[in-house]
Amino acid sequence: MQYLVSVLHDSSDLATDAEMAAIDVFNEMLQAEGHWVFAGGLGSPGTATVIDNRGEEALFTDGPYLESKEHIVGFWVMEAEDLDVALKLAAEGSRACNRRVEVRPFL
């Protein structure tokens with residue numbers, strides 16, 4: 001089963017050198033143990049564009065779709081046998097990046 005692990009943070013600050021080193025080690029472990037699917041960092045919310053094409057024509061709006069104190073700054077897509085394994089991996093990812101994470105299964 002695959003899980004989305006979203007990295008949450010209350011600023012647009014990039015990871016420190018120490019955090020990046022820990023993330024690299026974590027990513028290498030995910031790859032070595034067969035849990036790696038994909039991962040990436042995201043631009044700040046100010047770089048987002050929301051598109052709503054439910055009406056007569058598409059509406060493009062600059063900025064995030066939701067104003068919030070926290071936002072998603074990155075993510076992992078992980079392969080795990082079950083939720084317990086996904087939660088354990090996510091806890092290790094949270095420690096590596098020094099940020100809160102949210103875990104959600106793909107359907």
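Biologist: Which strands does helix α2 lie across, and at about how many degrees does α2 run to β6?

Modeller: In this predicted model, helix α2, made of residues 83-97, lies across β1, β5 and β6, and its direction is at about 155 degrees to that of β6.

Biologist: What is the order of the strands in the sheet, and how should I read their pairing?

Modeller: As a general idea, strands of a sheet pair through backbone hydrogen bonds, and the pairing is either parallel or antiparallel. Here the sheet is an open one of four strands, ordered β2-β5-β1-β6, and the pairing is antiparallel. Because β2 (36-41) and β6 (100-105) each have a single partner strand, they stand at the edges, and one side of each is left without a neighbour in the sheet. Neighbouring strands of this sheet are turned against each other by 20 degrees on average, direction ignored.

Biologist: How many bridges join β1 to β5, and which residue of β5 is the bridge partner of L4?

Modeller: Eight bridges join β1 to β5, the strand of residues 71-79, and these two strands run antiparallel; the partner of L4 in β5 is V77. Helix α1 also packs on the sheet, where α1 touches β2 and β5, and its direction makes about 25 degrees with that of β5.

Biologist: Where is S11 placed, and with which residues is S11 in contact beyond its neighbours within four places in sequence?

Modeller: S11 belongs to the loop between β1 (2-9) and α1 (17-32), and, with those sequence neighbours left aside, S11 is in contact with H71 and V73. The side chain of S11 also makes a polar contact, at 3.4 Å, with the side chain of H9.

Notes:
Residues are numbered from 1 along each chain as its sequence is written. This is a predicted model: local features need pLDDT of at least 70, side-chain atom pairs count only at pLDDT 80 or more; totals for chains, interfaces and linings use all residues. Side-chain values use heavy atoms; hydrogens and water are left out. A polar contact is a pair of N or O atoms within 3.5 Å; within protein, one must be able to donate a hydrogen and the other to accept it, and residues adjacent in sequence count only if both atoms are side-chain atoms. Contact means heavy atoms within 4.5 Å. Two strands pair if DSSP finds at least two bridges between them. Axes are lines fitted to C-alpha atoms, for helices over the stretch in contact, and angles run from 0 to 180 degrees between N-to-C directions.
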